[in-house]
Structures are given as structure tokens and as C-alpha cells.
Amino acid sequence: MVRWLIRWILNIAAIIFTASVIPGFDVTVEGAVVGSIILGLINATIRPIFLVLTMPINLVTLGLFTLLINGVMLGVVSMIVRGFDIHGLGTAVISALVLTVISSLISYLVKE
């Protein structure tokens with residue numbers, strides 16, 4: 001339970017860091033907290049459906065289409081959560097790339 005909480009806090013920090021680095025991605029602390037929860041729920045429910053439906057495109061692009069799907073998921077969170085604003089699909093895709101790299105590092109460092 002403690003490791004899960006640490007990972008969650010680090011993911012919130014990753015969202016805040018990404019928003020400070022990527023122009024067009026604006027987030028408040030409250031938006032990052034709520035956004036991380038909503039993003040986790042979306043990634044657990046809707047994202048797998050999208051990945052299955054887009055499997056042929058994903059195979060042709062050698063998995064790069066997943067980055068677009070991750071950007072769309074961030075865009076959905078941006079539509080739902082106040083204080084979590086992403087301006088444009090390009091910004092969402094770049095933000096998704098940065099968040100994916102940081103999240104992978106967090107998963108590597110904080111093992112379950």
C-alpha cells in the first residue's frame with residue numbers, strides 16, 4: 001500500500017513537471033491530483049479497448065500508434081478535469097511521451 005501511494009505521488013509530480021516543461025499543457029496541483037486519478041481509471045478501462053480495436057494500425061506502425069492513443073487519453077482527461085488543460089493533439093502526444101518515459105522510470109525505481 002505504501003509503494004502504491006509513493007508511485008501515485010510521484011506520478012502527480014510527473015504530471016506537474018511535464019506541464020512545466022511542455023508549452024500548451026497547463027495544470028494546477030488540484031488538477032494534477034484529480035487528473036492522475038481519472039487518467040488511471042481511463043487507462044484501466046477505456047485504453048485497453050482502444051488498443052485492441054487499433055491493433056492492426058499498431059502492428060503496421062510498430063507500436064507508435066500507441067503514443068497517439070495515450071495522447072488522446074490525456075485529451076479526454078483534459079476535457080473532464082478542471083485545472084488539467086491540454087491545448088491541441090500535438091501537445092497531448094508530446095506530453096504523453098514525456099509522461100510515459102517518467103512513468104517507466106518510476107515503475108523501475110519503485111518496484112511492487
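Predicted model: local features only at pLDDT ≥ 70, side-chain atom pairs only at ≥ 80, totals over all residues.
In total, the chain has five helices and two strands. Its radius of gyration is 14 Å, close to the 13 Å that the globule rule gives for 112 residues, so the chain is as compact as a globular protein of that length.

Here are some values for the chain as a whole.

| Property of the protein chain | Value |
|---|---|
| Span of the C-alpha trace along its principal axes | about 35 × 35 × 25 Å |
| Accessible surface | about 6,900 Å² |
| Share of that surface belonging to carbon and sulfur atoms | 76% |
| Buried share of the 112 residues | 33% |
| Distance between the centres of the positive and negative side-chain sets | 14 Å |

Now let's look inside. The largest nonpolar core has 21 residues, and those touching the most other members are Ile 15, Phe 25, Leu 74, Val 77, Phe 84 and Ile 86. At least two residues of this core come from each of helix H1 (2-21), helix H2 (29-53), helix H4 (65-80), strand E2 (84-86) and helix H5 (89-109). H5 gives the largest share, five residues.

Leaving out residues up to four places away in sequence, Ile 15 touches Phe 25, Val 27, Ala 32, Ser 36, Phe 84 and Leu 99.

Contacts like these can also be viewed across the chain. Of the contacts between residues at least 6 apart in sequence, 66% join residues at least 24 apart.

Notes: Residues numbered from 1 in each chain as written. Heavy atoms only, no water. Helix = DSSP H or I, 4+ residues; strand = E, 2+ residues; numbered from the N terminus. Rg over C-alpha atoms; globule rule 2.2 N^0.38 Å. Buried < 20%, exposed > 50% of the residue type's maximum accessible area, 1.4 Å probe, protein only. Contact = heavy atoms within 4.5 Å. Areas by Shrake-Rupley, 256 points an atom, 1.4 Å probe, with all protein chains shown as cover. Lys, Arg positive; Asp, Glu negative; His and termini not counted. Charge placed at Lys NZ, Arg CZ, Asp CG, Glu CD. Core = buried A, V, L, I, M, F, W, Y, C linked by side-chain atoms within 4.5 Å.
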